[in-house]
Amino acid sequence: MEPIKAFNNVVIGQFALTRIPIRVYVDNRYLTITDTDDVADPIIGFGMDENGAMQQFDYRMVQHLAVGPTGNVIDLDAYNKAMGFEEPKEEEPKEEEPKEEEPAEEEPKKEESVSLSEMAQSLNEKPIEYSDIETYGDLKQLIDTIQKGERNAKIKGVAIDFLLGAVPYLDKARTVFDLAKAAYGKPDNKKTGTFIDKLDVDDEVSAIVDDTVEDNFLAFIAKDMESKPADAIIAKDFSMNDELQKYLQDKFKQRTVAGYQESVNEMYTFGTGDIVTNKNKSCQHYGSKGVVKKIMDLPNGMGKVVVYRVTNQGPTYKPGDVLTKTLDQLEKYYG
C-alpha cells in the first residue's frame, strides 16, 4: 500500500477511536477533535477551537497532528514511516517471477495493520494515563503558566495549548479555584488524558447539586490544594466525585448524593402531578413551588430526583421554570 499524500477522516478517526487526545493543525491553529462524529464526513471535518467553538476544516489543509496530552507532533512523513508505508520501487516487478516467494511479499501487510497505539509508542508517545501532573506544585505551575499566557509551554510533558483547547474557560484560570471550576464543569465526554479529567464531576450529579453548594465546595477544595506543599504527591485515586460526596456528607448532616437513597423509605415518594415546595433553606430555589413532572433515578444507584415545573415567583425562579431536586429537599404542598 502506498503512503498517504494528505491526512483524511479515516486516519484522524482511527486516532479518535483509540481515545487518544488528538488535535489537527490547520490554518495556523490547533483544533481539538472531540469525538469520531467530528470527522464522520469524508470531505469536511470539525474541531473545537481555543474558545470552545466548533470550526470546520478541510482535511487536505491539515499540516500535522498533535497526539496525546504531550502534543506529540505527527506529520505525513512520521505517519507513513510508523505505519510501514514505502514508496513503490520500479525494479521490484521484474524480480517477482518465483511464485514461491509470494507469501514473503505479503508480510508488509502486517506492518500496515500496526495499531495506532503502537505507532504512538514508536514515536515516543507516552501511554495515556494520569501520571503527567503528579504534585500540587505541578498544578500551581500550570496555573502560573496559563496566567503568563505561555501557550506553547509544557508542564511535565502536558502541552498547555492542548489543555486550553480541550477545557473551556481554562484560559481564564488565575487561581486554583478558577482551574478547579473550569475542570469541574468540563463535559464528561471531553477527555484530555491528564489529571485535569479527575477534577471533573459527573454531569448528572452536578445537575442536581445547587450552584451555591458547588461554589462553596470548589472554594473548599481550592483552599485545601493551595495549603499542600509543592512537593506533595497527588493521590493516584483522587476523584472529584468522591471529594464532593465527602463534602456533602460533612456539611449536610451525613447526607451525600448517594446517601439520599438510604432515606427514601423514610420520606414521602412523590408522584406525577403532586404539588411540592422546596424546603431546603440553603438552596437558591428555596420556597419554589411546582407540579411534579417526573421522578428519575440517578446513575449508579445514587438515589432519585424530582423534576417539577415552577408555579410561583421568586428571586431566582419564575413560573414555567423546570427544576430538578433530590427528594429530601422537597415536601408535599397542601395549600
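These questions and answers cover a sheet, its surface patch, salt bridges and aromatic pairs in a predicted model.

Me: What kind of model is this, and what pLDDT do side-chain atom pairs need?
Reply: Residues are numbered from 1 along each chain as its sequence is written, and side-chain values use heavy atoms, leaving out hydrogens and water. The model is predicted: totals for chains, interfaces and linings use all residues, local features need pLDDT of at least 70, and side-chain atom pairs need pLDDT 80 or more.

Me: What is the strand order of the open sheet of five strands?
Reply: Strands are DSSP runs (E, at least two residues), helices likewise (H or I, at least four), numbered from the N terminus. Two strands pair if DSSP finds at least two bridges between them. The pairing here is antiparallel, and the order is S12-S11-S10-S9-S13.

Me: Which are the edge strands of this sheet?
Reply: An edge strand pairs on one side only. Neighbouring strands in the sheet are turned by 45° against each other on average, direction ignored. That angle uses axes, lines fitted to C-alpha atoms (for helices over the stretch in contact), with angles from 0 to 180 degrees between N-to-C directions. The edges are strand S12 (322–326) and strand S13 (330–332).

Me: Which residue in S10 stands opposite Val276?
Reply: Strand S9 spans residues 275–278 and strand S10 spans residues 289–297. They pair in the antiparallel sense over three bridges. Opposite Val276 stands Gly290.

Me: What is the bridge partner of Asn278 in S13?
Reply: S9 and S13 run antiparallel, joined by three bridges. In S13, Asn278 has as its partner Leu330.

Me: How much accessible area does the nonpolar patch of Ile275, Val291 and Tyr333 have together?
Reply: Patch residues have over 30% relative accessible area and no salt bridge; like charges are joined within 9 Å, nonpolar side chains (Val, Leu, Ile, Met, Phe, Trp, Tyr) within 5 Å. Areas come from the Shrake-Rupley method with a 1.4 Å probe, and for residues only the protein chains shown count as cover. Tyr333 lies in the segment after S13. Together the three residues have about 220 Å².

Me: Why does Tyr333 count as partly exposed?
Reply: Buried means under 20% relative accessible area, exposed over 50%, and partly exposed in between (1.4 Å probe, protein chains only). Tyr333 counts as partly exposed because its relative accessibility is 34%.

Me: How many salt bridges does the count come to?
Reply: A salt bridge needs a side-chain nitrogen of Lys or Arg within 4 Å of a carboxyl oxygen of Asp or Glu. One of them joins Glu243 and Lys246 at 3.7 Å, N to O. Both residues lie in helix H11 (residues 240–251), three residues apart, about one turn of the helix. The count comes to nine.

Me: How many residues apart are Arg23 and Asp161?
Reply: Their side chains meet in a salt bridge of 2.8 Å, N to O. Arg23 is in strand S1 (residues 22–26), Asp161 in helix H7 (residues 160–166), and their separation is 138 residues.

Me: Which residues are linked with Asp161 in a network of salt bridges?
Reply: Arg151 forms a salt bridge with Asp161, the closest N and O atoms being 3.2 Å apart. Arg151 sits in the loop between helix H6 (136–147) and strand S7 (154–155). Arg151 is partly exposed at 31%, whereas Asp161 is buried at 16%. The residues linked with Asp161 are Arg23 and Arg151.

Me: What is the angle between the planes of Phe57 and Tyr59?
Reply: Rings of Phe, Tyr and Trp (its six-membered ring) pair if their centres lie within 6.5 Å; planes under 30 degrees apart are stacked, over 60 edge-to-face, the rest tilted. The structure has seven aromatic pairs. Phe57 and Tyr59 form an edge-to-face pair, 5.5 Å centre to centre, with planes at 85°.

Me: Is Phe57 buried or exposed?
Reply: The relative accessibility of Phe57 is 4%, so Phe57 counts as buried.

Me: Why is the pair of Tyr184 and Phe217 tilted?
Reply: Tyr184 is in helix H8 (residues 176–184) and Phe217 in helix H10 (residues 211–226), 33 residues apart. The ring centres lie 6.3 Å apart. The pair is tilted because the planes stand at 55°.
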